[in-house]
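Q: Can we go through this model together? I'd like to start with what counts as a contact.

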Amino acid sequence: MASVSDADLKAMTQDERVKALGMTTDQLTGRSMYMEFDPDASDRLTYPWAPDVDFNKRTEVDCDDKSTTEVNKEIRALMDEGYGTVVLKNPRGMHSLGVGILSKLNLIIEGSTGYFAVGLIDGPNVRINGRVGWSCAENMMSGTVMIEKNAGSTFGAAMRGGDLVCRGSVGSRTGIDQKGGTIIVGGDTGALSGFMMQRGRMVVCGNAGKNLGDSMYDGTIFVGGEIKSCGVDAVEAELSDLDKAWLTRKLTQYGLMPDKGVDHFTKIVAGKQLWNYDNLEPNEKKLIL
Amino acid sequence: MAGTQYRGSEIKDVNQFLNDADGLESEREKEIGQHIGYRYDVNLVPDYDRITPFLSKYMETMGWDDLNWLEDVHMGYEEGMPAVFDRNINGWVRVPNTIELPDNQQDRDMIARELLIKFQMSDRHPLVTLRKAYTKF
């Protein structure tokens, strides 16, 4: 990589920066990208650009009379100052609170939030002492999110990693398009939960609504209560000893371990009958043509 | 429906895709000349008895009680080589030949997680350059 100072980069346009950094615009369509690990890489444990925060350094932010943007910018500024624990007071159902936090932080929200709370996060541990609206932790990459009360629909939509926990019940389409991570629901979940799930794990301690796991591609859903109905291609599988050990560990960790253990959980996986590769269906194409 | 049915093959052996890079076993795979599905079990949950000291340190640094997002990281096999998929670059990162692979998938997954963390947190990761190029000043 070409050596260019940050001051020089700041003075450039984006196109100029891309050229100065020696980045190319290769056509990658149809190719796998390969690199090789450096076995001597440093043992750093956070991203190079992450602020150095201390969990023991704590502060509070009063959300009253502030816009969402102002609150979110203040969180970032506090992280740059080294604060590792930030408490948000009086959120009063604000939307999009705490989005885009990309490094470690303890974020405590004292109250309820609106939609898209803590979306797109990568690393923080969040505790919300209230309810949340639609799409909480949408596209979450890593970290932990704990909701003390109930959550709205599309809880953890397109989630990619981390633990997303709701102690209460959640709405419909929980974990729609989930691509990784773990969603845990202490109560019930609504219809079409796990719709088009691709991987990851969903644990529902209560009941699941109709069409659970509809069109799921991969991943695992564990349900402790009753399942109203399974969706297309969602099938029951055997609960292994490793599954039981993992469930026990995870539910104990979040204080949601049922008194009767985990043996009664039903495991739902993809039947893989819908796996469809367009270029892999020569016979069907012949029929169409 | 378009007549699609899963006609892939089962994963039977930890070295299956090292010994047979193409992985064509079922009739359907032989017919189309391509392996169907992943080359590892994406639903395999980690065995925490096998966690490494480095990963424990990472969990402690992040304030997590478990592997968190790394539970979804596994050692995969592409073109007969062990590799790990890095979601941040949407590509495979190969495991060097100098690293000896254990004889079971759980221990291999722990190595994969460790290597991926070291790579993602290093200055060599492509996101470092991307960030410099596209960040908002």
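A: Two residues are in contact if their C-beta atoms, placed from the backbone, lie within 7 Å. The model is predicted: local features need pLDDT of at least 70, side-chain atom pairs count only at pLDDT 80 or more, and totals for chains, interfaces and linings use all residues. Residues are numbered from 1 along each chain as its sequence is written, with chains lettered from A and ligands numbered from 1 in the order in which they are written.

Q: OK, which strands cover the buried residues of H4(A)?

A: The cover includes E8 (179-185), E9 (199-204), E10 (220-223) and E12 (266-270) of chain A. Helices (H or I, at least four residues) and strands (E, at least two) are DSSP runs, numbered from the N terminus.

Q: And which residues of H4(A) are buried?

A: Asp243(A), Trp246(A), Leu247(A), Lys250(A) and Leu251(A). Buried means 20 or more other C-beta atoms within 10 Å of the residue's own, exposed 12 or fewer, partly exposed in between, with C-beta atoms placed from the backbone.

Q: What is exposed on the other side of H4(A)?

A: Asp241(A) and Thr252(A) are exposed there.

Q: Switching topic: how many residues of chain B are in contact with chain A?

A: 51 residues of chain B, against 60 residues of chain A. H5(B) gives the most to the side of chain B that touches chain A, with six residues.

Q: In what sense do E1 of chain A and E3(B) pair?

A: Parallel, over three bridges; strands pair if DSSP finds at least two bridges between them. Tyr34(A) has Trp92(B) as its bridge partner in E3(B).
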